[in-house]
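Please read this note alongside the sequence and the coordinates. It is meant for someone who has not looked at this structure before.

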Amino acid sequence: MSPNHIGELFEAALGGNRRALGKLLTMVEKQGSSAAMVSERAHRDAGQARVVGVTGAPGTGKSTITGQLAGASGASRPAILAIDPSSPLTGGAILGDRIRMDNHVGCGAFIRSMATRGHAGGLAVAVPDAVRVLDAAGCDPIIVETVGVGQVEVSIAAAADTTVVVVTPGWGDAVQANKAGLLEVADVFVVNKADRPDARGARRDLELMLDLGHRSRWRAPIVLTTATKAEGIDDLWAEIERHTAYLHDSGELIRRRGRRRRDEVADRIELELRDRVHQIVQGEPGEAALGRVDRNEISPAAAAELLLAALKPHNPPEG
Ligand SMILES: Nc1nc2c(ncn2[C@@H]2O[C@H](COP(=O)(O)OP(=O)(O)O)[C@@H](O)[C@H]2O)c(=O)[nH]1
Ligand SMILES: [Mg+2]
């Protein structure tokens, strides 16, 4: 793919062409040879959109809320990025999500599902790129839905300007969210399925946990919603906007985005190194060194030392 062609796709995407936008997203999703060029081009124009992460346990209502939020934002070009960490196996679930969202999205939001190919670490670089592409294409807000179960998923959800954590009444959901590390990353809490008994109890549990762990200047508000009836969604959007204003006024937005870029660079290096480690270990030098370990000629430590030489740069990187 030539830079010219990529430039044309961006022009078209900016003009509202969904197919062009879809093509660009496919390129960064695959992280193939064109991804770096797309990322580069997107980075120049990105930084305008509000990025909202929505996370929580499966079935809490994230997709329903996400679809509703896109509408409540009143924006002309909202985008939804639904991340499924367990993909090939649950392709059906993605489709289900899509249909559920489409039912609620009356605002013509651009919706895209993204799956991990191979290891979850790939998402840590593909998702920031996808957000960048949507941003450069003029989408705003960009709402990223992830299942808040693993470390990678939680960190992806937290790589937003505003992170919304969804829990439901009962079953010690708040406690589970705490265990998953979701309490620390929440800027706004949602107790969804407020049509069920004891939604207020769930709010009280959250308040107590927040009292214990509260540190920063921003205290995460708790909003009760019944997403299937669109109840509380306007309040939720209002809290997200209040948080956006806080981010701007406090200077936290600049700090947060800076941290995010630094994390992304580190994630990219880590991913690249991990690939190279696999290549080295599975390649000829690796086989040879491992053979010597098997024959008790050298220790695993010595083998690692030998193979590490292949990773070390001959010249220090240029700043
Ligand atoms: N009773 C009730 N059910 C809801 C509510 N919000 C979502 N649901 C249902 O919960 C199920 C899971 O919703 P979904 O949005 O797919 O959750 P996700 O897995 O977190 O994305 C669906 O059957 C929804 O219709 C709500 O406010 N009240
Ligand atoms: Mg979902």
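This is a predicted model: local features need pLDDT of at least 70, side-chain atom pairs count only at pLDDT 80 or more; totals for chains, interfaces and linings use all residues.

The points below go from the whole chain to single residues.

1. The mean pLDDT of the chain is 86, and 87% of the residues reach 70 or more.

2. Among the elements of the chain, helix H11 (residues 233-250) has the highest mean pLDDT, 97. The lowest, 49, belongs to helix H5 (residues 91-104). Over residues 87-96 the pLDDT is below 50. Leaving aside near neighbours in sequence, that stretch has 9 contacts in the model.

3. Overall make-up. The chain has 319 residues, and its secondary structure comes to 14 helices and 7 strands. Of the residues, 47% count as buried. The accessible surface is about 16,400 Å², with 52% of it belonging to carbon and sulfur atoms.

4. Contacts along the sequence. Consider the contacts between residues at least 6 apart in sequence: 75% of them join residues at least 24 apart.

5. The sheet. In which order do the strands of the open sheet lie? The order is E3-E2-E4-E1-E5-E6-E7, and the pairing is parallel. Strand E3 (110-115) and strand E7 (222-224) stand at the edges. Each of these two has a single partner strand, so one side of each is left without a neighbour in the sheet. From one strand to the next, the twist averages 20 degrees.

6. One strand pair in detail. In general, strands of a sheet pair through backbone hydrogen bonds, in either a parallel or an antiparallel way. Strand E1 (residues 51-56) and strand E5 (residues 162-167) pair in the parallel sense, over 5 bridges. One residue pair can be named: the bridge partner of Val 52 in E5 is Thr 162.

7. Ser 63. This residue lies in helix H4 (residues 62-72). Is Ser 63 buried or exposed? Its relative accessibility is 6%, and because buried means under 20%, Ser 63 counts as buried. What does the side chain of Ser 63 make a polar contact with? The partner is the side chain of Glu 145, at 2.8 Å. Ser 63 and Ala 82 are 19 residues apart along the chain, and their C-alpha atoms are separated by 8.0 Å.

8. A cis peptide bond. The bond from Asp 140 to Pro 141 is cis, with omega near -5 degrees. Pro 141 is in the loop between helix H6 (121-136) and strand E4 (142-147).

9. Lys 193. Phi of Lys 193 is near 60 degrees, a positive value in a residue other than glycine. Lys 193 is placed in the loop between strand E6 (188-191) and helix H10 (199-213). With a relative accessible area of 22%, Lys 193 is partly exposed.

10. Asn 296. Here too phi has a positive value in a residue other than glycine: for Asn 296 the angle is near 60 degrees. The loop that holds Asn 296 runs between helix H13 (284-294) and helix H14 (300-308). Asn 296 has a relative accessible area of 72% and is therefore exposed, the cut-off for exposed being over 50%.

Key: Residues are numbered from 1 along each chain as its sequence is written. Chains are lettered from A and ligands numbered from 1 in the order in which they are written. Side-chain values use heavy atoms; hydrogens and water are left out. Two strands pair if DSSP finds at least two bridges between them. Helices (H or I, at least four residues) and strands (E, at least two) are DSSP runs, numbered from the N terminus. Axes are lines fitted to C-alpha atoms, for helices over the stretch in contact, and angles run from 0 to 180 degrees between N-to-C directions. Buried means under 20% relative accessible area, exposed over 50%, partly exposed in between (1.4 Å probe, protein chains only). Contact means heavy atoms within 4.5 Å. Accessible areas come from the Shrake-Rupley method with a 1.4 Å probe; for residues, only the protein chains shown count as cover. A polar contact is a pair of N or O atoms within 3.5 Å; within protein, one must be able to donate a hydrogen and the other to accept it, and residues adjacent in sequence count only if both atoms are side-chain atoms. pLDDT is the predictor's confidence in each residue, from 0 to 100.
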